[in-house]
Amino acid sequence: MIWETHQAEAGEVTFGADATLGSTVSGTESVKVHRLRMTGLNAESVYHYRVKSGADVAEGTFKTAPAKPRPITFIMIGDSRRWGKRWEETKMEAHAAQWNPEFYLT
């Protein structure tokens with residue numbers, strides 16, 4: 001898991017196969033760009049996670065990669081158009097979602 005914070009601080013990721021989470025990996029250094037490795041994950045499975053850095057908390061889900069090669073659909077965006085209301089005006093989220101991608105690459 002990689003994320004960026006405004007302040008240099010230690011980070012932590014709690015994750016699991018359901019919303020009760022259960023596994024935790026913690027960073028020991030105060031950094032702005034956090035990189036924590038989660039291990040023991042099953043292929044092609046949905047996991048829930050909670051990221052903490054100082055007082056900041058973010059939650060979400062992700063799906064792990066397939067165990068064997070197979071065709072996948074992904075979206076690659078070079079300019080997310082996040083200034084002002086541009087993302088909403090261009091309906092980028094809806095446009096990308098129509099392809100039912102397994103992941104986004106920005």
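**A tour of the aromatic pairs, cores and nonpolar patch**

Begin by selecting Tyr-47, Tyr-49 and Phe-62, which form one aromatic cluster; rings of Phe, Tyr and Trp (its six-membered ring) are paired if their centres lie within 6.5 Å, and planes under 30 degrees apart count as stacked, over 60 as edge-to-face and the rest as tilted. The model is predicted: local features need pLDDT of at least 70 and side-chain atom pairs count only at pLDDT 80 or more, whereas totals for chains, interfaces and linings use all residues. Residues are numbered from 1 along each chain as its sequence is written, and side-chain values use heavy atoms, with hydrogens and water left out.

**Aromatic pairs**

The structure holds three aromatic pairs. Keep Tyr-47 and Phe-62 selected: their ring centres are 5.7 Å apart and their planes are at 20°, so this pair is stacked. Because Tyr-47 belongs to strand S5 and Phe-62 to strand S6 (residues 56-63), the pair ties together parts 15 residues apart in sequence. Strands (E, at least two residues) are DSSP runs, numbered from the N terminus. Tyr-47 is buried, at 6% relative accessibility, while Phe-62 is partly exposed at 21%; buried means under 20% relative accessible area, exposed over 50% and partly exposed in between (1.4 Å probe, protein chains only).

Next, select Phe-74 and Phe-103, a stacked pair with 5.2 Å from centre to centre and 5° between the planes. Phe-74 lies in strand S7 and Phe-103 in strand S8, so parts 29 residues apart in sequence are tied together. Both count as partly exposed, Phe-74 at 42% relative accessibility and Phe-103 at 37%.

**Surface patch**

Strand S7 (74-76) and strand S8 (103-105) each supply at least two of the patch residues.

**Nonpolar cores**

Now select Trp-3, Val-13, Phe-15, Val-25, Leu-36, Met-38, Tyr-49 and Val-51, the eight residues of the largest nonpolar core. A nonpolar core is a set of buried Ala, Val, Leu, Ile, Met, Phe, Trp, Tyr and Cys residues joined through side-chain atoms within 4.5 Å. Strand S2 (11-16) and strand S5 (46-53) are the elements that give two or more residues to this core. A second, separate core of five residues includes Ile-75, Ile-77, Met-92 and Ala-96.

Technical notes. Helix = DSSP H or I, 4+ residues; strand = E, 2+ residues; numbered from the N terminus.
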